[in-house]
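Here are my notes for a first look at this one. Keep the model open while you read, and go point by point.

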Amino acid sequence: MLAATILMSLVVGARAQESHRPTLTNDIRPVDVPSLPPVVAPSTTLDDATLQPLTQPVSFNYGVYVQTTTGETVLAEGAEKAFNPASAIKLATALAALRAFGPQHRFSTAVWTTGTFDPTTGTINGDLVVSGRDPSFHYEHAVMLARELNRLGIRTVTGDIIVPPRFTMNFSSSTQRSGEQLYDTLDMTRRPASATRAWFDNRQAAQDTASLQTTPSVAVLGAVYVDSVPAGARVLLTHKSSALVDILKVMLCYSNNFMAERVGDAVGGREGLRRVLVEDLSIPASEVRIASASGLGVNRLTPRGMMKVYLALRDELAEHNLGPSDIMPVAGIDPGTLQKRFQFHPSRGSIIAKTGTLPRTDGGASALVGQMRAQNGETLFFVIFNQRGSVGRFRQAQDRLVSELQNARGGPKPFVYTPLALAMRLADTELQASKTGDSSGEYEPLTPN
């Protein structure tokens with residue numbers, strides 16, 4: 001009887017339509033994507049025209065799969081149907097990254113020079129080259145580079161700034177634009193106010209007030225060019241990002257599409273993600289479609305398949321003495337897409353989950369994937385997919401379902417969790433000045449792989 005009541009709330013949510021466009025949440029910039037192409041013969045390639053067909057077309061408005069920590073099924077409806085998981089696919093991206101690199105991996109950004117240094121004037125006579133693929137590289141990190149260059153005595157560069165292909169800054173997909181932002185941010189006379197604020201907030205989060213006593217600045221007299229790292233360039237210093245586990249926490253809390261795509265690129269893009277799902281997790285190929293690492297577009301996965309992803313992610317974290325709350329938002333506590341859901345006592349802190357929202361694609365798609373805790377001490381894992389309806393009402397139905405399941409077990413109970421400001425997570429970077437000038441393994445090709 002309880003299961004029927006819970007599922008009825010999803011049916012009502014799926015059928016209820018709103019005449020106006022649904023309000024967007026913090027999931028970043030959903031876009032319109034055409035409907036699925038006609039079913040074609042299976043193919044081993046992943047070209048848009050030859051994606052694997054799905055054995056189960058979408059006919060339900062909702063799919064639900066809930067199980068206990070021991071693997072017992074609590075609730076299953078439409079669990080074998082393929083839905084658009086939207087941004088919940090970022091959980092697969094996080095899993096692939098953790099398996100490939102480990103949670104303590106740091107992305108490197110190297111600063112090179114092709115010129116000579118005059119210590120009497122603090123001038124590099126030549127070019128400055130900045131290369132790297134850090135998905136979290138932002139204003140404050142560019143100011144940090146200026147500070148470290150100042151510590152090396154460098155204040156002026158007579159040549160140009162060269163940034164190799166795929167260098168990005170401030171979540172911009174344009175390498176040229178990223179290089180121009182770097183150019184402006186290094187120089188205090190050109191630095192945007194937003195960059196100054198980001199630097200101040202970053203140092204405050206790191207409790208590094210000493211760095212705020214001076215104003216870092218490196219003036220580059222030339223222009224900005226996109227090119228490969230020149231042969232013979234010497235490394236001056238290397239900036240390393242925050243640990244991957246912290247980058248993933250920010251990515252998943254804010255559902256940042258740019259970061260997800262960059263992390264996805266590092267593990268082989270959509271083909272790499274598909275291999276993890278099909279080959280490593282043994283999800284049937286006919287149930288998997290990966291259009292992007294961020295969740296934008298027409299992705300497909302069944303609730304049961306997504307449960308495999310979540311459990312594999314949980315197990316991967318456990319191998320490193322970590323838990324889901326180390327990379328996923330805790331509802332009502334962490335900023336981002338779950339900040340205003342389950343925010344009141346006693347629900348606050350009792351849900352760890354990833355949202356998914358596409359207001360127009362597939363007629364409206366919404367997802368909630370994660371785990372809940374109840375007063376009887378039980379933890380339940382859940383996957384809720386909704387499609388073709390109002391995402392606002394889908395969210396309401398998802399929240400009712402979770403609450404009903406918790407209330408049937410004595411009510412919600414918060415997980416043990418100590419939040420850490422997300423700004424602090426991205427402030428935990430490392431810098432190392434070059435001692436040997438070794439440049440092996442640091443060159444990037446002009447044409448991206």
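1. First, the naming: helices (H or I, at least four residues) and strands (E, at least two) are DSSP runs, numbered from the N terminus. Residues count from 1 along each chain as its sequence is written. Keep in mind that this is a predicted model, where local features need pLDDT of at least 70, side-chain atom pairs count only at pLDDT 80 or more, and totals for chains, interfaces and linings use all residues, while side-chain values use heavy atoms, with hydrogens and water left out.

2. Start with helix α7, residues 257-266. Here 7 of the 10 residues are buried, so the rest of the structure largely encloses this helix. ("Buried" is under 20% relative accessible area, exposed is over 50%, and partly exposed is in between, with a 1.4 Å probe and protein chains only.) The buried ones are N257, F258, M259, A260, R262, V263 and G264. What do they pack against? Their partners are α2, β6 (128-132), α6 and α8, with contact meaning heavy atoms within 4.5 Å.

3. Now look at the two ends of α7. Just past the helix, G268 has a positive phi of about 100°.

4. Two of those partners also meet each other. Helix α2 (residues 90-101) packs on helix α6 (residues 244-254) at an angle of about 175°, and their axes are 11 Å apart. The axes are lines fitted to C-alpha atoms, for helices over the stretch in contact, and angles run from 0 to 180 degrees between N-to-C directions. The pair is therefore roughly antiparallel; the cut-offs are under 35 degrees for roughly parallel, over 145 for roughly antiparallel, 65 to 115 for roughly perpendicular, and oblique for the rest.

5. Who makes that contact? On the α2 side you'll find K90, L91, A94, A97, L98 and F101, and on the α6 side L244, L248, M251 and L252. Sorted by class, that gives 9 nonpolar, no polar and 1 charged residues. (Ala, Val, Leu, Ile, Met, Phe, Trp, Tyr, Cys and Pro count as nonpolar, Asp, Glu, Lys and Arg as charged, and the others, Gly among them, as polar.)

6. Helix α3 (residues 139-151) is worth a look too. It has 13 residues and spans 19 Å from first C-alpha to last, close to the 18 Å expected at 1.5 Å a residue; that expectation is 1.5 Å times one less than the number of residues. It is mostly covered, with 12 of its 13 residues buried, including charged-class E140, R147 and E148. Just after α3, G153 takes a positive phi of about 90°.

7. Next, the loop between α8 (269-280) and α9 (303-318), which holds R300. Is R300 buried or exposed? It is buried, at 2% relative accessible area, and its side chain joins that of D362 through a polar contact of 2.8 Å. (A polar contact is a pair of N or O atoms within 3.5 Å; within protein, one must be able to donate a hydrogen and the other to accept it, and residues adjacent in sequence count only if both atoms are side-chain atoms.)

8. T302 is in the loop between α8 and α9 as well, buried at 1% relative accessible area. Its side chain makes a polar contact with that of E287 (3.5 Å).
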